[in-house]
Amino acid sequence: MPEAGTLGSPRDVRGGPPVRGESHARAWTGTGWGFVVKLVIMAAVNAVGLAIVWAAYVEGSWGILAGTLALTAAADWVYFSKRALPSKYLFPGLAFLLVFQLFTMAYTFNVAMTNYGTGHNGTKQQAVDALLIQHERAVDDAPTYPLTIVQRDDELGFAVIADGRPMVGSADSPLAAEPGATVDGDRITAVPGWDVVDRNTLLADQSLQREVLDLRVPVSDDADDGSIRTREGTRGTVYRSTLEWNPQNETLTDAETGVVYAARDDGRFVADDGTALPVGWQVYVGFDNFVRGFTDTNYAGPFWRITAWTFAFAILTVATSFLMGLVMAVIFNDARIRGRKLLRTLFILPYAFPAFLSALLWRGMLNANPDYGIINDLFLFGARIEWLNDPWLAKLAIIGVNLWLSFPYWFLVCTGALQSLPSDVLEAARIDGAGWWRTWTSITPPLLLISTAPLIIASFAFNFNNFTIIYMLTEGGPRFTDTSAVLGHTDILITMIYQISGVAGGRADFGLASALSIIVFLVVGVISALAFRRTRRLEEIL
Amino acid sequence: MATRVQDAPVRIDHRPAAARRRRWLAEVGWKYPVAVLIVFYAAFPLAYVLSAALASSGTLTGSTELFRSVSAANVTALGDTRFWTWMANSLLIAGSTAAGSVLMGAAAAYAFSRFRFTGRRGGLTALLIIQMFPQMLAFISIFLLLLTLGNVVPVLGLNSRLALICVYLGGALGTNTFLMYGFFNTIPREIDEAAKIDGATHAQTYWTIILRLVTPILAVVGLLSFVGAFGDFILARIILTSESNFTLAVGMYAWVSDALNANWGLFAAGAVIASLPILALFLFLQKYIVGGLTAGSVKG
């Protein structure tokens, strides 16, 4: 913000030069550059806000429209009102917090109550449309037309000659007569507003071929009329869906087999014999996802093992790195050692190296093949040890790598804590005759834990969700062999959620994944509440 | 550790110098070999990656011999990849996140520390509670939110760096306000009052007086936000989908996980270069970090 410099220097003061003898701080009052800057920023905020509101209106996204409108109005009120003084400082942060943290958390709860995911993406009407398209077949007496592929901007279309009349359409606009098209024999060679895609271009471009094969141009606005498709790019055939939608009874009837699929409350079309159509719609399923997490044969077994490993991983990581850091701090917190600053800098190198790079680096170093993996080659005499592919060794490797990553942190923390131990208590212990051993077993640890306990708990909570180290080192592998779910022996809860959610590809199950993340929310919340009670922050504010 | 001392060939001697020397060995001297061991443990992987970065061949074989050859071949070869684009993306995203976090966190801390208003106590408590829940746990709804938002405003949708920055900024207030709030409280209120009497407005007090007095905590929060955004993987991975928008974490993960095309020399060179800004920040801001760590921020 440029306000800082301009406001601070008396040179930019509005209203003439300060009267001699008067404190120039007096002349700060009045409308200055700060106000102009504010006006410009607020004008920009309003412009962006209105642009989003308009775009949301065009798209029919009423949620986004209302949210943007509310935020923009709030911004205007906060910054042009004389009253809301603290809000002027809180608003920007709060706005981001509201949208990208509070809303998303609440939305997680909402999604956890639905069956949202692959096959349950939208409304019932969208599901019906998708099913009708999926079940389109070339009907036996289907008319076939000469077809030309046309293109404009990013849109592909078909130009056909039906009953002697040239017609053009695309995926979004049904076939319509196009009298301006040039017809050469039984083929359209030019269409106003469209570029004709010639056969050589089509043959040379694989992705274009795929798009052409996927393209369906509706014959008319009525979905029951079917659509034009092509298999080879020169002839278009009318496809009709074998399914028939009955809006009154909410049933889909397969015209070929006569099977009737009825809409059910769980968001699927199911026939009497229990078979369901592959596309469903989104409905609220209550706590089904939570129940499924514990009972589904694919997930329940892995879920408990992964939960146990998550706790073991977090506890062992914190315990090993804390102990190592503490021992180091005790050894090197000694004024008689020379070069302590240099040592400290060297010790914290692993901490200053970005964690994701460390994990990837160790992944290479732990490669089982001694030709590539330096650990096996240099320290284990070239033995082929499957560090990352054996269930137990992979766990050991993860804890070992995390120890390397985080011992410097605990070394710094423990050194700081040791240096701030109250000297009078230690002195009193010495006077009372406590020896070195006695001091180190009975006096120092309790004092040390007072200042480090909150950090220990915070570190536990952090490692509980340490996605990066797991994913970068092993990606959760080696895979479990007794389940079809893509889960493995070193998966922790957050990587399991990531895998199930399908946000990175694969089959998505947003509902189940959200339900699991709520469970993790609860675990982390309890842990943090413990940490919170330990800190004195609450006393500061209350 | 004690056995190490006994094993040391120390001649029993009653001369004062020898006794001092023995005592020195028992109390201080043995710590140096231990220090060497730890430095080896801490620095060996880093020396290894540096060596691999400077190796002349880009293959994995022979990579176990440290510093056998020194060449800039790997570094030059980075020019043929998208590495520099990713580096620029990472620096841009992490830099914007750090700047935004510092500005918004400091403003919020100033409001909580200096003004008395209704909802202040409630706001602080709410922030404390929000702070307990890591934002990244809600990654599914963040993904879905951006999916919807992208239909309306493409620059705030998936595969947008701006959207990723906004998501990071959403977590800024919860993470940083308390760290800063405590520090703001240590600045005497008399300073504000003196400025007010001299006619300074609240904005002038904030921008020209308070912000200069709290520089150490601004440095810590800026550094931690920068490191956090620079190293974040899960949110960057689900939000950024096209290679030209990747951050280093996403791009370099793709390099290493692609077992068939993994080029170790290239990765090593990239890793060394990518770690330089963070290493530099850490070493320059060391004294601030030690204070900031014990104030409650965690990395490891």
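1. Where does UniProt place the feature "transmembrane region" in chain A? The unreviewed entry puts it at residues 35-56, 62-80, 89-109, 306-330, 342-362, 392-412, 447-473 and 510-532 of chain A. UniProt positions are given in the numbering used here, feature names are shortened, and annotations may be inferred rather than shown by experiment.

2. Some ground rules. This is a predicted model: local features need pLDDT of at least 70, side-chain atom pairs count only at pLDDT 80 or more, and totals for chains, interfaces and linings use all residues. Residues are numbered from 1 along each chain as its sequence is written, while chains are lettered from A and ligands numbered from 1 in the order in which they are written.

3. Residues 62-80 are 100% helix and 0% strand, with end C-alpha atoms 27 Å apart. Residues 447-473 are 93% helix and 0% strand, and their end C-alpha atoms lie 37 Å apart. Helices (H or I, at least four residues) and strands (E, at least two) are DSSP runs, numbered from the N terminus.

4. Now the domains of chain A. The bounds come from an automatic or database domain assignment. Domain 1 covers 31-112, domain 2 covers 122-135 + 245-281, domain 3 covers 137-241 and domain 4 covers 300-541. The C-alpha centres of domain 3 and domain 4 of chain A are 60 Å apart. UniProt, in an unreviewed entry, also lists "domain: ABC transmembrane type-1" at residues 307-531 of chain A. That span of chain A, 307-531, is 71% helix and 0% strand, and its end C-alpha atoms lie 21 Å apart.

5. Chain A also has paired strands. Two strands pair if DSSP finds at least two bridges between them. Strand 13 (residues 251-254) and strand 14 (residues 260-263) of chain A run antiparallel, joined by three bridges. Here T253(A) stands opposite V260(A). Five residues lie between these strands in the hairpin, and G258(A) there takes a positive phi near 80°. Strand 14 of chain A also pairs with strand 15 (residues 269-270) of chain A, antiparallel, over two bridges. In this pair A262(A) stands opposite V270(A). This hairpin too has five residues between its strands, and G267(A) takes a positive phi near 85°.

6. Is S241(A) buried or exposed? S241(A) counts as buried because it has 22 C-beta neighbours inside 10 Å. The cut-offs: buried means 20 or more other C-beta atoms within 10 Å of the residue's own, exposed means 12 or fewer, and partly exposed is in between, with C-beta atoms placed from the backbone. S241(A) sits in strand 11 (residues 235-241) of chain A. Leaving out residues up to four places away in sequence, S241(A) touches L132(A), H135(A), E136(A) and G226(A). Contact means C-beta atoms, placed from the backbone, within 7 Å.

7. Turn to chain B. It has 16 helices and zero strands. Of its 300 residues, 45% count as buried. Helix 12 (residues 215-231) of chain B has 17 residues, and 13 of the 17 are buried. Helix 12 reaches 24 Å from first C-alpha to last, close to the 24 Å expected at 1.5 Å a residue. The expected span is 1.5 Å times one less than the number of residues.

8. Last, the contact between the chains. It takes 92 residues from chain B and 98 residues from chain A. On the side of chain B that touches chain A, 65 residues are nonpolar, 22 polar and five charged. Ala, Val, Leu, Ile, Met, Phe, Trp, Tyr, Cys and Pro count as nonpolar, Asp, Glu, Lys and Arg as charged, and the others, Gly among them, as polar.

Terms used. Two residues are in contact if their C-beta atoms, placed from the backbone, lie within 7 Å.
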